[in-house]
Amino acid sequence: MRRMLGAGALLVVLGSNAGMRAEDKKPPTTLRGVLMEQLRTTHDQEDWFVPASLAVAGLTADQAKWSPGPGQHSVGQLAYHLWFWDTQSLARFKGEKPPAFNGNNDETFNDFTPAQWDDLVKKLNQVLTNWETAVEQADDQKLAENASLVAHVGAHNAYHIGQILYVRKLEGVWDPGKGVK
């Protein structure tokens with residue numbers, strides 16, 4: 001019995017150390033704080049999952065165009081899709097007219113070309129930064145009216161970042177030391 005208690009205590013200590021990073025960080029307590037946390041952790045702050053900036057970092061244009069098979073998206077296509085929809089949604093959030101869109105969601109993936117990869121990585125980073133700035137500067141009413149939109153942007157980004165990592169793993173161009181084994 002004593003031996004089992006000792007092992008159990010060890011597991012509690014190890015478990016508490018493993019979660020130290022998340023537990024030491026105080027969760028946000030305001031709507032703005034929660035939305036900012038979602039935007040930052042899908043942009044460039046490592047937390048429960050790999051952020052977009054790390055997910056696309058270090059790829060060549062040829063690696064970004066690789067696809068696991070017919071009908072499957074490449075990292076470049078997924079990044080283009082994120083940039084496209086984040087740009088559209090940000091314009092709506094700011095009360096601006098979004099860029100023209102014909103309604104064909106396939107084009108939000110298929111308009112990617114390897115020649116635009118380096119510029120796309122910069123544009124994706126910029127639109128994510130612009131989202132953070134817009135939410136930081138919005139008044140409380142605007143945040144309340146658009147909270148669902150911002151939350152969906154964060155969830156959409158997280159979903160496709162997961163796909164990006166999966167494609168990179170299939171391609172053999174992901175370093176598991178960066179967060180996903």
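Biologist: How many aromatic pairs does a search of the whole structure find?

Modeller: This is a predicted model, and searching the whole structure gives 6 aromatic pairs. In one of them, F93 and W131, the ring centres are 5.3 Å apart and the planes stand at 50°, so the pair counts as tilted.

Biologist: Which helices do F93 and W131 lie in?

Modeller: F93 belongs to helix α6 (residues 75-93) and W131 to helix α8 (residues 117-137), so the pair ties together parts that are 38 residues apart in sequence.

Biologist: Switching topic, at what angle do α3 and α9 cross?

Modeller: The axes of helix α3 (residues 31-43) and helix α9 (residues 140-171) cross at roughly 25° and come within 9 Å. Angles under 35 degrees count as roughly parallel, and α3 and α9 are therefore roughly parallel to each other.

Biologist: And is that crossing left-handed or right-handed?

Modeller: α3 passes α9 in a left-handed crossing. On the α3 side the contact is made by L31, R32, L35, Q38, L39 and T42, while α9 contributes residues including L143, A147, V150 and I161. Sorted by class, the contact of α3 with α9 has 11 nonpolar, 4 polar and 2 charged residues.

How values were computed
Residues numbered from 1 in each chain as written. Predicted model: local features only at pLDDT ≥ 70, side-chain atom pairs only at ≥ 80, totals over all residues. Heavy atoms only, no water. Axes fitted to C-alpha atoms, helices over the stretch in contact; angles between N-to-C directions. Helix = DSSP H or I, 4+ residues; strand = E, 2+ residues; numbered from the N terminus. Parallel < 35°, antiparallel > 145°, perpendicular 65-115°, else oblique. Left-handed = near helix turned anticlockwise from the far one by under 90°. Contact = heavy atoms within 4.5 Å. Nonpolar A, V, L, I, M, F, W, Y, C, P; charged D, E, K, R; others polar. Phe/Tyr/Trp six-rings, centres within 6.5 Å; stacked < 30°, edge-to-face > 60°.
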